[in-house]
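Please open the structure in your viewer and keep the selection tool at hand.

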Amino acid sequence: MKTIYVDNNATTRVDPQVLDAMLPYFNDFYGNPSSMHSFGGEVAHKIDEARIKVASLINASPDEIVFTSCGTESDSTAIHAAISSTPDKKHIITSRVEHPAVKNLCEHLSKKGYRVTFVPVDRKGMLDVDYLYNSLTDDTAIVSLIWANNETGMIFPIEEISRVVKQKGIVFHTDAVQAVGKVPVDVDKSKVDMLSLSGHKIHAPKGVGALFVRKGTRFSPFLIGGHQEGGRRGGTENVVSIIGLGKASELAGNHLKEVTTRVGQLRDKLESELLSKIPNVMINGDSENRLPNTTSISFEYIEGESILLMIDEFGICASSGSACTSGSLEPSHVLRAMGVPFTAAHGSIRFSLSIYNTEEEIDFIIEKLPPIIEHLRNLSPFWK
Amino acid sequence: MWEYTEKVKDHFLNPRNAGVIENADGVGEVGSLACGDALKLTLKVDDDKKISDAKFQTFGCASAIASSSALTEMIKGITIDEAGKITNNDIAEYLGGLPKEKMHCSVLGRDALEKAIANYRGEPEKKVDGEIVCECFGVTDLEIQRAVKENSLKTIEDVTGYVKAGGGCENCHDKIQEIIDSVNGTPVTKETRHSKLTNIQKIRLIEETLEREIKPELKKDGGDIELIDFADNTVFVKLCGTCSTCSASQLTLKHYVETKIKELVSPELVVEEVAQ
């Protein structure tokens, strides 16, 4: 059976060009980039190249890039750096729709004496910007906001918000793991101090990420150890994956236009066809401020895990915000923060596309999904 | 991904006896949309009290649908009395087991069956017995006790897997632990309660409880609470932030705040919400 992978906000396929770039560095050029000999020095040179490529993707300068092990490490590093550089400030601002990497860290910090403001969103998932601005105080150590939401694809106006936050002299961090490679991300046009990105969301392997740290930002390492990464992250570099992230960043820049055009059109086709073929369906989020590859669709009166397992029989891979799939008993905190009614939250499915998806695949989903929804609704006591 | 047995997958993908029996002799409905699963079971019973037909409608995940389908297969052809003896474990075993986190799906089946049998026998609808412990999923202390006893549950996680209690805001975890301890015979240490307090002392304690216990919990969800007044053992509060606009959570909230204040200040206190 052919796999139809439309779960690219979860992870992506490693691009064959990325893999090719990485392979020699497993067992041919395996030197330690910190070594004095030229065998290691050549590897260090490759890391420099990767740093330039990652920086160029977000219009940063190479020395503003710190390689990490994942998006979560980047987020943790940024937030810890901000609060430890201003130990007298005890207030953190974030949103109610963050990825667990930020949400759970902030909840953890709230138990350690920090006051955390979780800024609400509206029914479409858009941030209540005024609420945010009114929450800024002299005691605020950091504002950390997700650039584009992993579940709904909703994009926050990070450039505008960062300018207001910076005017008050408060550190601003953004989790841009889902935004990078899908919409233009230019740190020069915004005032963000720190920005997290992740390799495996942009066709690099899992286990590598990066943190942009703007020049002049007070910083302290999260992993304390050797002098790697200019003393900003201890630990021998994950050389192979960093080289992969470099290549993937170069490709992501080249592919951005395709994502916003062709992939966006496929997503729009999927959405409009499902909306026209299936009754009682709603899209979570609006159409103007959303990632071109993402759609969160709620099918009322049925449950998401059932839908996922039925489409799995056809090789279709997607995600759900339902309770049964979240590992807890409650539906996704993102959908709940948006006020999506229970009738719809439990039956939400996220399709997230990539440049590898074809029109035939989208047509296949459009063909297979409606009878599945009808079947499950016929089993449901709430239908009709 | 959940580890489902082949039998679970089979009953999910090819559900047996889906639908509704018109003019059923017994109907059992449990669960709700908010909870994430619900089951409507309809029975046809012949003159020798044998279940001649059973059909189900289920809203829920794969294991909920599979448990319902399995249940109908198990009860068709047996007598009402025999069906009454079926436990949630029997349903899970029929399916070759369910993941621990999904055992509540088998409990859903058992509950629907009990209701359908009671309905057939013409017994009045049972009132919810006991006191609500888990506000998020509306689970009572007696339901938790029963699950702990029948399935020899040891941890809060187990209880959540079987009856969902404790799977939401987690505020009831202490109470669940107390129930587990009391069923399993572990001594329970009761907190000392304050009964003979002056009004001033009560107000101070209420303020302390709000600040230390209640506010941090509400703030997690963007809400807040303010003490407005205190008179005749009634605590008047105002809910702010997102709590004030969420009508669904208001009942829960009032109950939660009241429970905390009764527990930590004095049992005779009641909480009233002041209009916005």
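Axes are lines fitted to C-alpha atoms, for helices over the stretch in contact, and angles run from 0 to 180 degrees between N-to-C directions. Helices (H or I, at least four residues) are DSSP runs, numbered from the N terminus. This is a predicted model, in which local features need pLDDT of at least 70 and side-chain atom pairs count only at pLDDT 80 or more, while totals for chains, interfaces and linings use all residues. Residues are numbered from 1 along each chain as its sequence is written, chains are lettered from A in the order in which they are written, and side-chain values use heavy atoms, leaving out hydrogens and water.

**First stop: two helices of chain B**

Select helix α6 (residues 141–151) of chain B together with helix α7 (residues 156–163) of chain B; their axes come within 10 Å and cross at roughly 105°. α6(B) and α7(B) are therefore roughly perpendicular to each other (65 to 115 degrees). On the α6(B) side, the contact (heavy atoms within 4.5 Å) is made by Glu143(B), Ile144(B), Ala147(B), Val148(B) and Asn151(B). Val159(B), Tyr162(B) and Val163(B) make it from α7(B).

**Second stop: a charged pair in chain B**

Side chains of opposite charge can pair when their charged atoms come close. A salt bridge is a side-chain nitrogen of Lys or Arg within 4 Å of a carboxyl oxygen of Asp or Glu.

Now select Glu150(B) and Arg110(B), which form a salt bridge with the closest N and O atoms 3.1 Å apart. This pair links distant parts of the chain, 40 residues apart: Glu150(B) belongs to helix α6 of chain B and Arg110(B) to helix α5 (residues 103–121) of chain B. Is each partner buried (under 20% relative accessible area, 1.4 Å probe, protein chains only), exposed (over 50%) or partly exposed (in between)? Arg110(B) counts as buried at 7%, whereas Glu150(B) is partly exposed at 37%.

Select Glu273(A) and Lys277(A), joined by a salt bridge whose closest N and O atoms are 3.5 Å apart. The two are separated by about one helical turn, because they lie four residues apart in helix α9 (residues 239–277) of chain A. Glu273(A) is partly exposed, with a relative accessible area of 27%, and Lys277(A) is partly exposed at 44%.

Notes. Parallel < 35°, antiparallel > 145°, perpendicular 65-115°, else oblique.
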